[in-house]
Amino acid sequence: MFAFYILSSTNPGLMLPEWPGRLSGDLLIDADIAAEKYQLTLKSLQGQLRGYPLDGRGDFRMLGKQLQAQDVALRTGDNRLELNGQMLPSLGMTFELKAEALQQILPDLGGRLEGEGRLTGELRNPAVSLNLKGNAVRA
């Protein structure tokens, strides 16, 4: 099964009232149910979320019980997150975060946070390696 979806001025606030906005983008779904192989590709995502510009892209793949994220990048306002690696059944994920204005993500947050990290091991017993710097962080 292959499907191509086009989002056009979709308002996530209709389902999640705390997240109003207008999102547009291209989404590809490729599924082979018999082979337990699925791929979701966010070719592009752009628009506005909670009053801030948003854009993103990325690729998620599932083969049996293995789940991977490749070249996932999300940006909203002055904040960005990048992910790469395996999430299931074991962890092998790297991420980079640069959040210049945490309050743009959620109003109860504040300050700046930036850094990188790696998740390894098993989901029930992960090993986390972080290098984070923050300034006036509040939650």
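# Report on an all-strand protein model

Phe 4 counts as partly exposed because its relative accessibility is 45%; here buried means under 20% relative accessible area, exposed means over 50%, and partly exposed lies in between, with a 1.4 Å probe and protein chains only. The structure is a predicted model, in which local features need pLDDT of at least 70 and side-chain atom pairs count only at pLDDT 80 or more, while totals for chains, interfaces and linings use all residues. Residues are numbered from 1 along each chain as its sequence is written, and side-chain values use heavy atoms, with hydrogens and water left out.

## The chain as a whole

The protein chain contains 9 strands and 0 helices. These elements are DSSP runs numbered from the N terminus, with helices (H or I) of at least four residues and strands (E) of at least two. In sequence order, the pattern is therefore β-β-β-β-β-β-β-β-β. Along the principal axes, the C-alpha atoms fill a box of roughly 50 × 40 × 20 Å.

Of the 139 residues in the protein chain, 26% are buried. The accessible surface comes to about 9,000 Å², and carbon and sulfur atoms account for 56% of this area. Accessible areas come from the Shrake-Rupley method with a 1.4 Å probe, and for residues only the protein chains shown count as cover. A contact means heavy atoms within 4.5 Å. Among contacts between residues at least 6 apart in sequence, 30% join residues at least 24 apart.

The protein chain carries 15 positive and 16 negative side chains, and the centres of the two sets lie 2 Å apart. Lys and Arg count as positive and Asp and Glu as negative, whereas His and the chain ends are not counted. The place of a charge is taken as NZ of Lys, CZ of Arg, CG of Asp or CD of Glu.

Phe 4 belongs to strand 1, which covers residues 2-10. Together with Phe 2 and Ile 6, Phe 4 forms a nonpolar surface patch with about 360 Å² of accessible area. Patches are made of residues with over 30% relative accessible area and no salt bridge; like charges are joined within 9 Å, and nonpolar side chains (Val, Leu, Ile, Met, Phe, Trp, Tyr) within 5 Å.

Strand 1 also holds Ser 9. Although Ser 9 is not a glycine, its phi is positive, at about 55 degrees. With 43% relative accessibility, Ser 9 counts as partly exposed.

Strand 9 spans residues 125-138 and includes Asn 125. Asn 125 is exposed because its relative accessible area is 61%. The C-alpha atoms of Asn 125 and Asp 30 are 32 Å apart, and the two residues are separated by 95 residues along the chain. Ala 136 is another residue placed in strand 9, and its phi is positive at about 55 degrees although Ala 136 is not a glycine. A relative accessible area of 62% makes Ala 136 exposed.

## Salt bridges

The whole structure has 6 salt bridges. A salt bridge is a side-chain nitrogen of Lys or Arg within 4 Å of a carboxyl oxygen of Asp or Glu. The table includes some of these pairs.

| Salt bridge | N to O distance |
|---|---|
| Arg 75 and Asp 55 | 2.3 Å |
| Arg 80 and Glu 82 | 3.4 Å |
| Arg 112 and Glu 100 | 3.0 Å |

Arg 112 is partly exposed at a relative accessible area of 35%, and Glu 100 is partly exposed at 30%.

In the salt bridge formed by Arg 75 and Asp 55, distant parts of the chain are linked: Arg 75 is in strand 5 (residues 66-76) and Asp 55 in strand 4 (residues 52-63), 20 residues apart. Arg 75 counts as partly exposed at 32% relative accessibility, as does Asp 55 at 27%.

A network of salt bridges links Arg 80, Glu 82 and Glu 96.

## A cis peptide bond

The peptide bond from Leu 88 to Pro 89 is cis, with omega near -5 degrees. Pro 89 lies in the loop between strand 6 (79-88) and strand 7.
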